[in-house]
Amino acid sequence: MKNTMIIGGGFAGLSAGVALASQGVKVTVIEQRRILGGRAYSIEDGTTGELIDNGQHALLGAFHETQKFLTTIGTENLVRYQDRFRMVLAEPDGGRMILTGSSLPPPFHLLTGVAGCRGLSVRDRMHLLRAGASIVMKRSLPETMTLKDWLDRLHQPESLRQRWWYPLSVSALNELPHRASANLFLRVLRQTFLGSLRDSSFGIITVGLGDLYTEQARHFIEARGGEVYLNAPADRLAFSGRRFEAVVLRNGGAMTADCAVSAVPHHALRKLLPPELVQKTGPFEALDHLGDSPMVSIHLWFDRPVLDEEFIGLIDSPIQWVFDKSRLWKKDETQAGALACITSGAYDLIDRSKEDLIALAQKELGRFFPEVRKAKLIHSRLIKERLATYSCTPEAERWRPDQKTPYENFFLAGDWTRTGLPATIEGAVTSGHRCAELILKSRSERSFRPT
Ligand SMILES: Cc1cc2nc3c(=O)[nH]c(=O)nc-3n(C[C@H](O)[C@H](O)[C@H](O)COP(=O)(O)OP(=O)(O)OC[C@H]3O[C@@H](n4cnc5c(N)ncnc54)[C@H](O)[C@@H]3O)c2cc1C
């Protein structure tokens, strides 16, 4: 029986598969690893026996496609949203900057929050309010502009960059301000702060990523007649004329389908395509113009609770955000003190040794939280993601390809494809849903085509 082949079992591939399966399409997912989840997965830590995620992931209320996906597979209740936007950043001297949105309609919820923000000087508040007015007025920025250029143009002082712009932008874009596309960040800000009140709330995932989506998505697809193969790496894709023909697997076998969705990262797709399609002026030339940006996650287990927030940003530190896993996942008291530290755009950390990075994290946390200095570190684990996301430079934004390709039955999903969003879960799911829509549309057109 003809079906739709999906190559890659991350958020993009599984959301495409679920959307298609929900409409009666037979789906086959092939995933190269022995687990699903791609760059958002859970593993068991060998020493503690606890589940950990490769990197602590957070959602936003503005992630509407993600909410749709999780609702379809029945796990939306595993995400807990803040009642309203609240962001807390720690100062090294023990001070806190706390920015809380009010209950006024957006964007006034944030503007009133900024006006009354603890920990921001009056001068910084004025600068931020002025920038806020510009965000409300401007729908787009020049395509070549970096975030740093934009902040310079808005005359944003360094103290405010450290307390607002950098914590938000580096985690939203996984890229440093002097490299990141200003236009993309403007879009994120507008979607997050100009939509509904809930759009700007952080969504806390209360379980491991494996429990949030991979197994449920797999069950959903299989329960509707689909198949999910693990340990099934694709080796190459075969095309004939303007059509996709087959996936050749690394074990030598081949699988045909009436259409296919590539849901692998851009660097993986490059290896699957015939070289002539990626060459200059070839249909997938874009793949040669995309780079990658790294992330580093440091998991630390202390012998006691050390944080008084579920998650908190560190001002002017190489460790950008710290999540208290014991609080997020509501573990019992005996497991208190488990932290996940994350650094995005981690160019300065990615080549450093494990010992060096664990020591750095412990020293940095000690600088911000006195409890850490009293606590004993009982275990640590480092996860480096060198190819964490595509690098969202202004150049990359010009090259990101559409989900529709010149091949009528071959589609592209993935957080790196053109979605108007950065490389996030929402970007990945949006791309997966778009591929599903395109496939369903092409099928309905074919079935109505007069003979
Ligand atoms: C540490 C870290 C923290 C992050 N934090 C956040 C966050 O807080 N919020 C947020 O929204 N986003 C976050 N992200 C980004 C988010 O994880 C990604 O945007 C998203 O997971 C990408 O999904 P994807 O399906 O596009 O790609 P992937 O997850 O990479 O999925 C692609 C899949 O294809 C498979 N594959 C590759 N080659 C082949 C082949 N030849 N044959 C078969 N299968 C193949 C891979 O094994 C993989 O499973 C984070 C990312 C990282 C790394």
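This is a predicted model: local features need pLDDT of at least 70, side-chain atom pairs count only at pLDDT 80 or more; totals for chains, interfaces and linings use all residues.

**Strands, ligand, loops**

A: Start with the strand pairing: β1 and strand β2 (residues 27-30) run parallel and pair over 4 bridges.

Q: Noted. Which residue of β2 is the bridge partner of Ile6?

A: Val29 is the bridge partner of Ile6 there.

Q: What else does β1 join?

A: Strand β14 (residues 259-262). The two run parallel, with 4 bridges between them. Thr4 stands opposite Cys259 in β14.

Q: What are the distances to ligand oxygen atoms for Arg39, His57 and Ala12?

A: An N or O atom in the Arg39 side chain is 2.7 Å from an oxygen atom of the ligand. For Ala12, a backbone N or O atom lies 2.8 Å from a ligand oxygen atom. For His57, a polar side-chain atom lies 2.8 Å from an oxygen atom of the ligand.

Q: How much of the ligand's accessible area does the protein cover?

A: 94% of the 1,000 Å² that the ligand has on its own.

Q: Switching topic: strand β18. How many of its residues are buried?

A: β18 (residues 338-344) is mostly covered, with 7 of its 7 residues buried. Ala338, Ala340, Ile342 and Ser344 point one way. Leu339, Cys341 and Thr343 point the other way.

Q: Which strands does β18 join, β15 included, and in what sense for β17?

A: Strand β15 (residues 292-302) joins β18 through 7 bridges, running antiparallel. Ser297 has Ile342 of β18 as its bridge partner. Strand β17 (residues 321-324) is also antiparallel to β18, with 4 bridges. There, Phe323 stands opposite Ala340.

Q: Backbone geometry next. Which peptide bond is cis?

A: The one from Pro106 to Pro107, with omega near 0°. Pro107 lies in the loop between β8 (96-100) and α3 (108-115).

Q: What about phi of Asn174 and Asn231?

A: Asn174 has phi near 50°, a positive value in a residue other than glycine. Asn231 has a positive phi of about 50°, and is not a glycine either.

Q: Where do they lie, Asn174 and Asn231?

A: Asn174 is in the loop between α6 and α7 (182-193). Asn231 is in the loop between β10 (227-229) and β11 (234-240).

Q: Buried or exposed: Asn174 and Asn231?

A: Asn174 counts as buried because its relative accessibility is 3%. Asn231 counts as exposed because its relative accessibility is 55%.

Q: Which helix holds Glu158, and why does Glu158 count as partly exposed?

A: Helix α6 (residues 158-173) holds Glu158. Glu158 counts as partly exposed because its relative accessibility is 44%, and that class runs between under 20% for buried and over 50% for exposed.

Q: What joins the side chains of Glu158 and Gln162?

A: A polar contact of 2.9 Å.

Q: How are Glu158 and His109 separated?

A: Their C-alpha atoms are 24 Å apart, and the two residues are 49 residues apart along the chain.

Q: Last one: which residues of helix α2 are buried, and what follows α2?

A: In α2 (residues 64-73), Glu65, Thr66, Gln67, Phe69, Leu70 and Ile73 are buried. Gly74 follows α2, with a positive phi near 85°.

Conventions: Residues are numbered from 1 along each chain as its sequence is written. Side-chain values use heavy atoms; hydrogens and water are left out. A polar contact is a pair of N or O atoms within 3.5 Å; within protein, one must be able to donate a hydrogen and the other to accept it, and residues adjacent in sequence count only if both atoms are side-chain atoms. Accessible areas come from the Shrake-Rupley method with a 1.4 Å probe; for residues, only the protein chains shown count as cover. Two strands pair if DSSP finds at least two bridges between them. Buried means under 20% relative accessible area, exposed over 50%, partly exposed in between (1.4 Å probe, protein chains only).
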